[in-house]
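Subject: A structure for you to explore

Hi there,

Here is the structure I promised to pass on. Have a look around it first, and then read my notes below.

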Amino acid sequence: MVYSNDGMKDKHSKKIEYAKSKGMFKDFKYSKYKVSQPPKNASMRTFEELKFLKDLAEDKDFVKKYDEIEDVFKEVCRDNNVPYPEELVNELLESSAGIILDLKWNFNRPRPYQLAEHYNISLGGITLDSMKTPSHPSGHSTQGFLIGKVLQTKLPIQTDAFLEAGKKISFSRNIGRAHYPSDSRVGEELGTAMYQHIKHKL
């Protein structure tokens, strides 16, 4: 089973091309993330991940709040009385999207709800517009960690609020059953690596 048998969408191809030719991460080497495979559908690890998701307490309000990445970081800025760098955040989102999509379609991993139905597991969760791509890696985890680390470095605050927001964005994808824990973990690693790639420019 794969996420989709129809192949990559044209709009995704354009985002991938932008990331490789014009974006902030055009020189970022991410080939190692294509080599490291997610757990196989029929593996015990994937079955255990589905059981883990099934047993998580549901919180739809939490999931919906942290689905909106920009709004999450705007709120952190307001709470800490610092200006929200909209242009920077938009560029981080746009430039990272192509890399994430390239990896997602490379693996074409089915979403948890797809495998849960196949194994007759009642998973729960919530349906989101942001779940309309393959599962691995988690884009929210990647972008949450990337933007959280960038803003934590760039903006003058005395707490780890941006980093904590990134962690909540990532975990919300498990609470919502949008991603397996392994998707989130790789996304967090990828977001951190992308931050390391550009931190000297900040």
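Before we start on the contacts, here is one term: a salt bridge is a side-chain nitrogen of Lys or Arg within 4 Å of a carboxyl oxygen of Asp or Glu. Please also keep in mind that this is a predicted model.

**Salt bridges**

Now turn to Lys20 and Asp102, which form a salt bridge whose closest N and O atoms are 3.7 Å apart. This pair links distant parts of the chain: Lys20 sits in helix α1 and Asp102 in helix α6, 82 residues apart. Lys20 counts as partly exposed, at 44% relative accessibility. Asp102 has a relative accessibility of 10%, so it counts as buried, because buried means under 20%. Lys34 comes in here too: Lys20, Lys34 and Asp102 are linked in a network of salt bridges.

Another pair to find is Asp183 and Arg109, where the closest N and O atoms of the salt bridge are 2.8 Å apart. Here again distant parts of the chain are linked, with Asp183 in helix α10 and Arg109 in the loop between α6 and α7, 74 residues apart. Both Asp183 and Arg109 are buried.

**The largest pocket**

The largest pocket holds about 660 Å³ of space. Its lining is made up of 25 residues, and Lys15, Ala97, Ser130, His140 and Gln143 lie nearest the centre. Helix α6 gives the most, with 6 residues.

What kinds of residue line the pocket? The lining divides into 12 charged, 7 polar and 6 nonpolar residues.

Enjoy exploring, and write back with any questions!

Best wishes

Conventions: Residues are numbered from 1 along each chain as its sequence is written. This is a predicted model: local features need pLDDT of at least 70, side-chain atom pairs count only at pLDDT 80 or more; totals for chains, interfaces and linings use all residues. Side-chain values use heavy atoms; hydrogens and water are left out. On a 1 Å grid over the protein atoms alone, a cavity is a set of points where a 1.4 Å probe fits but cannot get out, and a pocket is an open set with protein on both sides within 12 Å along at least five of seven lines; lining residues have an atom within 4 Å of a point. Grid points are joined across faces, edges and corners, and a volume is the space filled by probe spheres set on the points. Helices (H or I, at least four residues) and strands (E, at least two) are DSSP runs, numbered from the N terminus. Ala, Val, Leu, Ile, Met, Phe, Trp, Tyr, Cys and Pro count as nonpolar, Asp, Glu, Lys and Arg as charged, and the others, Gly among them, as polar. Buried means under 20% relative accessible area, exposed over 50%, partly exposed in between (1.4 Å probe, protein chains only).
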